[in-house]
Amino acid sequence: MTSVKESPYYKDAIQEINYPFGDYYLFENFVVAEVKEDIVFNWKDHAKQVVEELTNLYDHNGKEVVYISNRVNNYSVVPSDWIHFFKFSYSLKGYAVVTQKKGKSWSNSLLEKMFMRNQMQTFLDLDDAIEWANELGNKPKKYRSVI
């Protein structure tokens with residue numbers, strides 16, 4: 001799996017935000033998140049801080065942004081914590097998970113889909129996820145979803 005820093009997209013990032021638990025790359029219509037190894041990503045300790053900061057930077061509640069979770073590291077997500085996200089009236093234009101087909105990350109993405117209220121797709125590579133994000137941002141391109 002390719003990290004944003006190792007991809008041709010890195011040069012187009014508007015901003016990079018680094019937290020102790022992960023790195024976030026901001027683009028015009030999407031954000032790519034890369035959570036660090038062995039983190040148990042949850043609302044209270046991680047997501048709330050990220051959502052509040054991104055909401056301020058993008059100047060809206062997220063309704064125009066696609067969030068791409070680029071799972072280059074092994075970590076866990078608390079899928080039910082999406083409830084907190086929606087409880088506070090945050091939104092996303094779409095949510096993409098980039099993961100390998102085998103392993104815990106793939107299973108987690110299937111579970112997360114149960115709690116997601118927005119469009120969600122799972123991809124095997126970052127290129128396809130970014131193409132999908134651009135398509136949602138009214139920049140028509142082809143994409144291949146694996147789910």
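This is a predicted model: local features need pLDDT of at least 70, side-chain atom pairs count only at pLDDT 80 or more; totals for chains, interfaces and linings use all residues.

## A helix across the strands

An α-helix has 3.6 residues a turn, so residues three or four places apart point the same way.

## Overall organisation

The protein has four helices and eight strands. Read from the N terminus, these elements follow the order β-β-β-β-α-β-β-α-β-α-β-α.

Of the 147 residues in the protein, 51% count as buried. Among contacts with a separation of 6 or more, 67% are made by residues 24 or more positions apart.

## The sheet

Six strands make up an open sheet, in the order β1-β2-β3-β5-β7-β8, and their pairing is mixed. The edges are held by β1 (15–19) and β8 (120–123); each has a single partner strand, so one side of each lacks a neighbour in the sheet. From one strand to the next, the twist averages 15°. Strands of a sheet pair through backbone hydrogen bonds, either parallel or antiparallel.

The pairs within the sheet can be taken in turn. β2 and β3 run antiparallel and are joined by five bridges; they form a hairpin with three residues between them. In this pair, Tyr 25 has Val 32 of β3 as its bridge partner. β3 and β5 run parallel and are joined by four bridges, and Ala 33 is partnered there by Ser 69 in β5. Five bridges connect β5 to β7 (residues 94–98), again in a parallel arrangement; Val 66 is partnered by Gly 94 in β7. β7 and β8 pair in the parallel sense over four bridges, where Tyr 95 stands opposite Met 120 in β8.

## Two covered strands

Strand β3 is mostly covered, with six of its six residues buried. Phe 30, Val 32 and Glu 34 point one way from the strand, while Val 31, Ala 33 and Val 35 point the other way, and all of them are buried.

Strand β7 is largely enclosed by the rest of the structure, because five of its five residues are buried. Both of its faces are covered: Gly 94, Ala 96 and Val 98 lie on one side, Tyr 95 and Val 97 on the other, and all are buried.

Which strand holds Ala 96? Ala 96 belongs to β7, and Ile 68 stands opposite Ala 96 in this strand. Ala 96 counts as buried because its relative accessibility is 0%, where the cut-off for a buried residue is under 20%.

Beyond its neighbours within four places in sequence, Ala 96 is in contact with Tyr 67, Ile 68, Ser 69, Gln 121, Phe 123, Ala 129 and Trp 132. Of these contacts, Gln 121 is 25 residues from Ala 96 in sequence, yet the two are 4.9 Å apart in space, C-alpha to C-alpha.

How many cavities of 30 Å³ or more does a search of the whole structure find? The search finds one, and the volume of this largest cavity is about 420 Å³. Of the 32 residues that line the cavity, the closest to its centre are Ala 47, Val 51, Tyr 67, Trp 82 and Phe 85.

The elements giving two or more residues to the lining are β3 (30–35), α1 (43–58), β5 (66–70) and α2 (82–87). The largest share, seven residues, comes from α1. By class, the lining comprises 22 nonpolar, seven polar and three charged residues.

Methods. Residues are numbered from 1 along each chain as its sequence is written. Side-chain values use heavy atoms; hydrogens and water are left out. On a 1 Å grid over the protein atoms alone, a cavity is a set of points where a 1.4 Å probe fits but cannot get out, and a pocket is an open set with protein on both sides within 12 Å along at least five of seven lines; lining residues have an atom within 4 Å of a point. Grid points are joined across faces, edges and corners, and a volume is the space filled by probe spheres set on the points. Ala, Val, Leu, Ile, Met, Phe, Trp, Tyr, Cys and Pro count as nonpolar, Asp, Glu, Lys and Arg as charged, and the others, Gly among them, as polar. Two strands pair if DSSP finds at least two bridges between them. Axes are lines fitted to C-alpha atoms, for helices over the stretch in contact, and angles run from 0 to 180 degrees between N-to-C directions. Buried means under 20% relative accessible area, exposed over 50%, partly exposed in between (1.4 Å probe, protein chains only). Contact means heavy atoms within 4.5 Å.
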